[in-house]
Amino acid sequence: GLSGLGALLGDAHPLVSLLVFLAGLLLFSLIEYCFHRWLFHGAEHAMQRGHMQHHLDPNGIGTLPFFLPPLFLAVLVALFSKAFGIDHALLACGGIACGYFIYGQCHAWIHRTRFRHPLARRWAASHHVHHHHPGHNFGVTSPLWDMVLGTRYK
């Protein structure tokens with residue numbers, strides 16, 4: 001959607017478009033980490049209380065209001081377009097939207113699947129550890145920012 005529109009509107013080389021999209025995916029992993037660490041595990045407010053419900057019932061329904069991700073993306077597109085042009089803003093935000101979709105799928109799989117492959121088991125275990133040690137392992141899709149920012153459970 002967003003990335004396709006960005007590619008149609010822009011005249012960048014396909015490799016540049018791909019790199020901007022991948023930068024959006026990487027940026028999403030940082031957004032995921034920041035939201036999880038400082039909003040969902042921060043001071044008490046609606047998002048924090050809703051997330052604590054997830055810790056009590058990991059297979060319960062999601063707690064993020066449905067309209068927030070699209071609203072957040074619209075704001076990012078507007079901000080990014082001022083700095084990088086509308087084509088790159090749409091490509092990057094398409095990467096962010098793709099990352100959010102991947103996050104949603106991965107989070108559901110982690111809580112509903114018993115993985116057989118050792119790498120998949122280790123990946124899922126990282127999030128399960130977070131449920132027992134909520135000050136660690138904030139990254140669901142990737143441990144990158146936990147490693148960079150020192151919150152990876154050892």
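**Helix packing around α5**

The crossing of α4 and α5 is right-handed, a crossing being called right-handed if the near helix is turned clockwise from the far one by less than a right angle, and left-handed if anticlockwise. Helices here (H or I, at least four residues) and strands (E, at least two) are DSSP runs numbered from the N terminus. This is a predicted model, in which local features need pLDDT of at least 70 and side-chain atom pairs count only at pLDDT 80 or more, while totals for chains, interfaces and linings use all residues. Residues are numbered from 1 along each chain as its sequence is written, and side-chain values use heavy atoms, with hydrogens and water left out.

The protein has seven helices and zero strands, so that the order of elements from the N terminus reads α-α-α-α-α-α-α. Confidence is expressed as pLDDT, the predictor's confidence in each residue on a scale from 0 to 100; its mean over the protein is 84, and 79% of the residues reach 70 or more. The lowest confidence belongs to helix α1 (residues 2-9), with a mean of 57, and the highest to helix α7 (residues 144-149), at 97. Where pLDDT is low, the predicted coordinates should not be read in detail.

Two packed helices are described by the angle between their axes and the distance between the axes. The axes are lines fitted to C-alpha atoms, for helices over the stretch in contact, and the angles run from 0 to 180 degrees between N-to-C directions. Helix α4 (residues 68-84) packs with α5 at an angle of about 150°, the axes being 8 Å apart. The two helices α4 and α5 are therefore roughly antiparallel, given that angles under 35 degrees count as roughly parallel, over 145 as roughly antiparallel, 65 to 115 as roughly perpendicular and the rest as oblique. In contact terms (heavy atoms within 4.5 Å), the α4 side includes Leu 73, Leu 76, Val 77 and Phe 80, and the α5 side includes Ala 89, Cys 93, Ile 96 and Tyr 100. By class, this contact of α4 with α5 has 14 nonpolar, two polar and one charged residues, where Ala, Val, Leu, Ile, Met, Phe, Trp, Tyr, Cys and Pro count as nonpolar, Asp, Glu, Lys and Arg as charged, and the others, Gly among them, as polar.

The contact of α2 with α5 has 14 nonpolar, six polar and one charged residues.

Of the 154 residues, 33% count as buried, meaning under 20% relative accessible area, with exposed meaning over 50% and partly exposed in between (1.4 Å probe, protein chains only). Leu 79, in helix α4, counts as exposed at 54% relative accessibility, and its C-alpha atom is separated by 8.1 Å from that of Ala 89, 10 residues apart along the chain. Asp 11, in the loop between α1 and α2, is likewise exposed, at 76%; Asp 11 and Asp 87 are 76 residues apart in sequence and 8.4 Å apart in space, C-alpha to C-alpha.

Asn 137, by contrast, lies in the loop between α6 (118-132) and α7 and is buried at 2% relative accessibility. Most residues other than glycine have a negative phi, but Asn 137 has a positive phi of about 55°.
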